[in-house]
Each structure stands twice: as C-alpha cells, then as structure tokens.
Amino acid sequence: MDTPTAILASAAAALRENPFDDISYRTLGDAVGVSERTVYRHFPTRSHLLEGVAGWIESTEFPLPPFVTIDQFQDAARARFLAFDSSPAFAFVCARAASISPTGEPEPTFFTRALATMLATNHPSVNERDRRRVAAALRYFASAQFWARMRTGFEMSAPAIADVFERTVAKVLGDVLILTDTEMAGVSRRAPA
C-alpha cells in the first residue's frame, strides 16, 4: 500500500472512534510511520484530506454494484442506502465531502460515467443536454448527501429514503425520457403508491 493510501486508510479507521475534525495530521503520521510533514505533503489542507478519505470510503465501504438498466440502478441505489445506514459515520463523511469545493481536477467519477453510459445506451435518441440533466438528478438523489439530508432532516431509514428516491426517479425519467416497456414496468412497480 502506498503512503497516501495508507494515510487515507488510517484516517478512515480513526473515524470509527473520532469525528473527522478530531483526527490530527500528527496522529495519522504516527499511525502510518511517516512524519506529520509527509501527511501535509500529500494532503495540504483538511479539505484535501476530507475529499481523499471520502473517496477511499466510497470505493472500499460503499462500492456501487454494477448497473446497465434503470432497474439495476435503482437496486444499486437501494443497496447503497442500506450500506449508509449500516455505517452512518462513514456516510456522513462522504456527504460532508460532497459539499466542499473540489480540491483536485474536476473529473467525472465512475458513478457519473456509469450513469451517462446507461442513459446513452438505453436512450440514444435523447439529446445530450437532457441526458446530462437526468444523470445529474439521478446522481444527486442516489448520493450520500441526499441520504444524509433525509436521515437528519426527516429521520428516515434507508428503506424510506429508497422509496423517496424511487418516486423521484420515476418523476425525473417520466419528464424527459421515453421509457422502454421494461423500464416503465420497473419504475411503476417500484414507485410507492
């Protein structure tokens, strides 16, 4: 494991005992066996560290199940909401990181690329602008940020959040896309009455 990854893994482990703001660079350096200066070299600010830890957590604790259809995407999102409920400290760190300005080069994440590919493959006649709008909406409503807002603002559990998510997906998709019969059946089946 390289040094930046070891630092991020150590920070994630520390989150099981402490809030993010209480984790010091010195503690991380000691845990990894490097100097505090080395930690700063890799993560110059706490925003860099938060963004890095959130990315590490997303990839290791909340891996997104693969999807190529809307139905599979909804299953993947529901599974993520359940995972967020199982590790709320990690999920809140991901939600917090999503609310800061990006510290690195803005680059579409795997999740964003997977959404764009799914929409382009299943709805090639929809123009690029509308596909981007749909992808952005789906990306947000499947995020830790949305989960955190529903959890703290409305005290919802993962299944209740997934119901809100699926109702929103049906609305977003219905307003822009012409759904295939299979997709329409899946969305209708899932959306709560």
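1. Helix H5 covers residues 70-86, which is 17 residues. At 1.5 Å a residue it should span 24 Å, and its end C-alpha atoms do lie 24 Å apart, so expectation and model agree. The model is a predicted one.

2. Which residues of H5 are buried? They are Ile70, Phe73, Gln74, Ala76, Ala77, Arg80, Phe81 and Phe84. Viewed down the axis of H5, these buried residues fall within an arc of 160 degrees, so they line one face of the helix. The background is simple: an α-helix has 3.6 residues a turn, so residues three or four places apart point the same way.

3. H5 packs with helix H9, residues 144-154: the two axes come within 11 Å and cross at roughly 60 degrees. That angle makes H5 oblique to H9. The crossing is right-handed. On the H5 side the contact involves Phe81, Phe84 and Asp85, which meet Ala144, Phe146, Trp147 and Arg151 of H9. Phe81 and Phe84 are also among the buried residues of H5.

4. Helix H1 (residues 3-14) and helix H2 (residues 25-32) form another packed pair, with axes 9 Å apart and an angle of about 115 degrees. The two are therefore roughly perpendicular to each other. Their crossing is right-handed. H1 contributes Ala6, Ile7, Ser10 and Ala11 to the contact, and H2 contributes Leu28, Ala31 and Val32.

5. How are helix H4 (residues 46-60) and helix H6 (residues 88-98) arranged? Their axes are 9 Å apart, and the packing angle is about 130 degrees. H4 and H6 are therefore oblique to each other. H4 passes H6 in a left-handed crossing. The residues of H4 in this contact are Leu50, Glu51, Val53, Ala54, Ile57 and Glu58. Facing them in H6 are Phe90, Val93, Cys94, Arg96 and Ala97.

6. Turning to the chain as a whole, the secondary structure consists of eleven helices and zero strands. Read along the sequence, the pattern is α-α-α-α-α-α-α-α-α-α-α. The helix pairs described above are drawn from this set.

7. The protein chain has 193 residues, and 39% of them count as buried. What share of the contacts between residues at least 6 apart in sequence joins residues at least 24 apart? The share is 73%.

Conventions:
Residues numbered from 1 in each chain as written. Predicted model: local features only at pLDDT ≥ 70, side-chain atom pairs only at ≥ 80, totals over all residues. Heavy atoms only, no water. Helix = DSSP H or I, 4+ residues; strand = E, 2+ residues; numbered from the N terminus. Expected span 1.5 Å × (residues − 1). Buried < 20%, exposed > 50% of the residue type's maximum accessible area, 1.4 Å probe, protein only. Arc of directions from axis to C-beta. Axes fitted to C-alpha atoms, helices over the stretch in contact; angles between N-to-C directions. Parallel < 35°, antiparallel > 145°, perpendicular 65-115°, else oblique. Left-handed = near helix turned anticlockwise from the far one by under 90°. Contact = heavy atoms within 4.5 Å.
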